[in-house]
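Welcome! Take a moment to look over the chain, and then we will walk through some of its helices and rings together.

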Amino acid sequence: MPAVWPRRCCGMSNARPGKTTGLHFRPAACRMKAERNFHMRLKLQRRYRTMTYTTRNGVRYPDLMLEEPETAPGKYGLLRLRYLEKSDPGQLNILLLEGTLNSHLAQIDRQVRGQVEQTMERLVQRTKLPDKQTDPLGWAGTMNSLRQQAEETAMELIYGS
């Protein structure tokens with residue numbers, strides 16, 4: 001039976017340290033990596049295929065338009081925007097190119113506001129509040145503390161999704 005030699009595929013090597021032969025015994029892993037890269041490129045091509053271009057003086061410019069109305073994001077939408085700018089600029093660019101940034105921020109704002117309201121209702125029911133008429137400062141301090149707790153639990157939607 002003839003000897004089977006490893007094929008050269010991606011530059012990975014099973015040789016001893018210091019020797020670079022570019023040969024290894026796992027070409028299937030390289031094929032899987034190449035297929036995964038191919039599928040990622042295909043997915044990106046499909047995502048941006050709908051973009052139209054205008055040609056001027058031999059240069060193609062993308063026709064970028066906002067497809068949704070310009071609405072000011074709320075407090076939690078702005079927090080999400082700041083998070084995307086600092087921590088996930090790739091996702092921010094995708095949302096901008098697709099034209100869905102405003103709707104994404106509005107959706108996050110609605111979800112967080114709803115969760116804060118629900119959590120506030122549960123916390124108010126579980127907590128003994130001071131009387132608003134006799135101790136207004138104590139009541140306001142307790143309500144502010146409960147609101148802060150509710151907002152802390154809702155921050156997962158802003159920084160996690």
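Let's start with two helices: the axes of helix α4 (residues 101-126) and α5 come within 8 Å and cross at roughly 140°. That angle makes α4 oblique to α5, since angles under 35 degrees count as roughly parallel, over 145 as roughly antiparallel, 65 to 115 as roughly perpendicular and the rest as oblique. Residues touching here (contact means heavy atoms within 4.5 Å) include I108, V112 and L123 of α4, and M143, L146 and L157 of α5.

A word on the background: this is a predicted model, where local features need pLDDT of at least 70 and side-chain atom pairs count only at pLDDT 80 or more, while totals for chains, interfaces and linings use all residues. Residues are numbered from 1 along each chain as its sequence is written, and side-chain values use heavy atoms, leaving out hydrogens and water.

Now for the rings. How many aromatic pairs does the structure hold? There is 1 aromatic pair. The ring centres of Y83 and Y159 are 5.5 Å apart and the planes stand at 80°, so the pair is edge-to-face (centres within 6.5 Å; planes under 30 degrees apart are stacked, over 60 edge-to-face, the rest tilted). This pair links distant parts of the chain, 76 residues apart.

Conventions:
Rings of Phe, Tyr and Trp (its six-membered ring) pair if their centres lie within 6.5 Å; planes under 30 degrees apart count as stacked, over 60 as edge-to-face and the rest as tilted. Helices (H or I, at least four residues) and strands (E, at least two) are DSSP runs, numbered from the N terminus. Axes are lines fitted to C-alpha atoms, for helices over the stretch in contact, and angles run from 0 to 180 degrees between N-to-C directions.
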